[in-house]
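Please look over the sequence and the model shown here before reading on.

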Amino acid sequence: MSVNLSQVKSDFLRVMIERGFVHQISDLEGLDALFNEQIVTAYIGFDPTASSLHAGSLIQIMMLHWLQKTGHRPITLMGGGTGMVGDPSFKDEARKLMTPDQINANVEAIKKSFSAYISYDDSPNGAVMANNAEWLLKLNYLEFLRDVGAHFSVNRMLAFDSVKQRLEREQSLSFLEFNYMILQAYDFVELNKRFDCRLQMGGSDQWGNIINGIDLGHRLDAPQLYALTTPLLTTSSGAKMGKSASGAVWLNPDLLSPYDFWQYWRNTEDADVERFLKLYTTMPLDEVAKLAALEGAEQNEAKKILATEITALLHRRDEAEKAQETARKTFEEGAISADLPTVQLSAADLNDLGILSALVTAGLATSNSEARRHIKGGAVKVNDVAFSNERGTIGPDDLTGEGVVKISLGKKKHVLLKVS
């Protein structure tokens with residue numbers, strides 16, 4: 001979205017535009033005026049499809065962080081109700097339906113990540129945690145069809161890209177999923193009634209759903225509502241954000257250690273460093289520009305700063321610095337750090353453990369066949385010594401003085417096998 005920044009007066013929208021968060025805004029002039037007139041309440045919805053969000057959600061969470069930092073009030077809306085239906089947006093197939101107990105457990109687990117970025121309190125711009133199950137589970141179906149469903153055109157809903165892509169692939173789109181668009185629009189109006197929420201934010205794939213909410217607000221006599229969406233992000237090589245070779249980059253530390261989280265960002269592609277510094281850290285833009293200007297080997301220092309700043313926001317500064325120091329000892333000194341990811345094994349498990357099984361157990365391969373490919377490619381080391389025998393084993397004799405076996409894949413992935 002091309003915008004003349006000199007015409008933007010509000011701090012929040014200036015930050016969003018300068019740092020690259022904005023893809024579309026429904027009414028820039030009107031929203032800018034609103035931000036200058038009052039404390040604005042805005043929300044982003046999160047589906048509780050797992051017990052943790054992953055790095056792909058960080059762009060949305062950072063928007064809420066900046067919203068509060070510039071004096072406005074964020075709402076984190078958990079889809080406890082819509083999670084029982086499923087969002088069809090750009091998915092190849094319907095999501096598996098979860099039980100209410102699964103949804104509630106995921107909601108509770110996800111809450112922990114938000115508190116690292118925003119403050120939930122009773123101040124004028126204190127964040128609000130809401131769950132659409134509070135109102136959606138109480139709806140009377142016939143009244144809802146009459147009062148809300150009557151305002152939606154099926155013809156228009158079929159024209160949305162999220163629906164068209166599924167239909168063009170001749171993939172099933174269930175009535176349950178079709179209802180999701182109506183429910184999300186209703187959420188916006190309901191949040192306006194409860195919290196005077198005027199703005200919904202989300203990824204660009206949510207644009208049609210958000211506009212539905214604005215239109216529904218018009219028809220139900222709500223004040224003017226607004227939409228702001230972010231670009232759908234991929235890395236420069238086209239990889240999806242929040243995914244790594246070994247799986248999702250989870251935000252909860254019980255699913256992914258701060259060290260592994262740090263490593264994910266340390267491995268950022270050269271072309272993405274400046275963009276990620278703007279989006280995922282709070283560093284001043286003049287400092288970002290200096291780091292972005294570094295070239296060659298010096299750019300590795302920029303990547304370390306990127307990884308440390310992002311990790312510090314989520315896991316605290318001390319954990320980020322510990323992760324950086326662990327990496328330094330491991331890569332620069334060849335040392336074995338106790339802070340490396342560790343897998344506990346029994347003495348019996350380590351007795352003649354096949355190297356293929358060891359790689360899978362360590363999480364460095366998802367299958368024996370993948371582990372075999374790594375060995376044939378010369379990427380595997382045991383205690384920093386190349387390991388080329390795919391039928392080989394490791395055992396008690398391989399334990400170091402620290403009582404661990406260090407398994408490495410390439411130069412940057414290391415796991416300790418420790419006998420408990």
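What follows is a short report on this structure, part by part.

## Basis of the report

This is a predicted model, in which local features need pLDDT of at least 70 and side-chain atom pairs count only at pLDDT 80 or more, while totals for chains, interfaces and linings use all residues. Residues are numbered from 1 along each chain as its sequence is written, and side-chain values use heavy atoms, with hydrogens and water left out.

## The protein as a whole

The protein has 17 helices and 15 strands, where helices (H or I, at least four residues) and strands (E, at least two) are DSSP runs numbered from the N terminus. Of its 420 residues, 50% are buried, a word that here stands for under 20% relative accessible area, with exposed meaning over 50% and partly exposed lying in between (1.4 Å probe, protein chains only).

Among contacts (heavy atoms within 4.5 Å) between residues at least 6 apart in sequence, 72% join residues at least 24 apart. The protein exposes about 19,500 Å², and carbon and sulfur atoms supply 49% of this area, as computed by the Shrake-Rupley method with a 1.4 Å probe, where for residues only the protein chains shown count as cover.

## Helix 1 and its cover

In helix 1, which spans residues 11–18, the buried residues are Phe12, Leu13, Val15, Met16 and Ile17. The cover over these buried residues includes strand 1 (24–25), helix 2 (28–37), helix 3 (58–69), strand 5 and strand 6 (226–230). Just after helix 1, glycine 20 takes a positive phi of about 90°.

## Two helices that meet helix 14

Helix 12 (residues 273–280) and helix 14 (residues 299–315) have axes that come within 10 Å and cross at roughly 20°; the axes are lines fitted to C-alpha atoms, for helices over the stretch in contact, and angles run from 0 to 180 degrees between N-to-C directions. Helix 12 and helix 14 are therefore roughly parallel to each other, given that angles under 35 degrees count as roughly parallel, over 145 as roughly antiparallel, 65 to 115 as roughly perpendicular and the rest as oblique. On the side of helix 12 the contact is made by Val273, Phe276, Leu277 and Tyr280, and on the side of helix 14 by Gln299, Ala302, Lys303, Leu306, Ile310 and Leu313. By class, this contact has eight nonpolar, one polar and one charged residues, where Ala, Val, Leu, Ile, Met, Phe, Trp, Tyr, Cys and Pro count as nonpolar, Asp, Glu, Lys and Arg as charged, and the others, Gly among them, as polar.

Helix 11 (residues 258–266) also meets helix 14, with axes that come within 8 Å and cross at roughly 140°, and the two helices are therefore oblique to each other. Pro258, Phe261, Trp262, Trp265 and Arg266 of helix 11 meet Asn300, Lys303, Lys304, Leu306, Ala307, Thr308, Ile310, Thr311, Leu314 and His315 of helix 14. The residues of this contact divide into eight nonpolar, four polar and three charged.

Most residues other than glycine have a negative phi, and most peptide bonds are trans. Aspartate 221, although it is not a glycine, has a positive phi of about 65°; it lies in the loop between helix 10 (207–219) and strand 6, and at 71% relative accessibility aspartate 221 counts as exposed. Arginine 316, likewise not a glycine, has a positive phi of about 90° and lies in the loop between helix 14 and helix 15 (317–332).

## Residues apart in sequence

Valine 189 is found in helix 9 (residues 175–195) and is buried, with a relative accessible area of 2%. Valine 189 and aspartate 221 are 32 residues apart in sequence and 9.7 Å apart in space, C-alpha to C-alpha. Leaving aside neighbours within four places in sequence, valine 189 is in contact with Gly213, Leu216, Gly217 and Leu220.

Glycine 202 has its place in strand 5 (residues 197–203), and this glycine is buried, with a relative accessible area of 5%. Beyond its neighbours within four places in sequence, glycine 202 is in contact with Gln60, Ile210, Leu228, Thr229 and Thr230.
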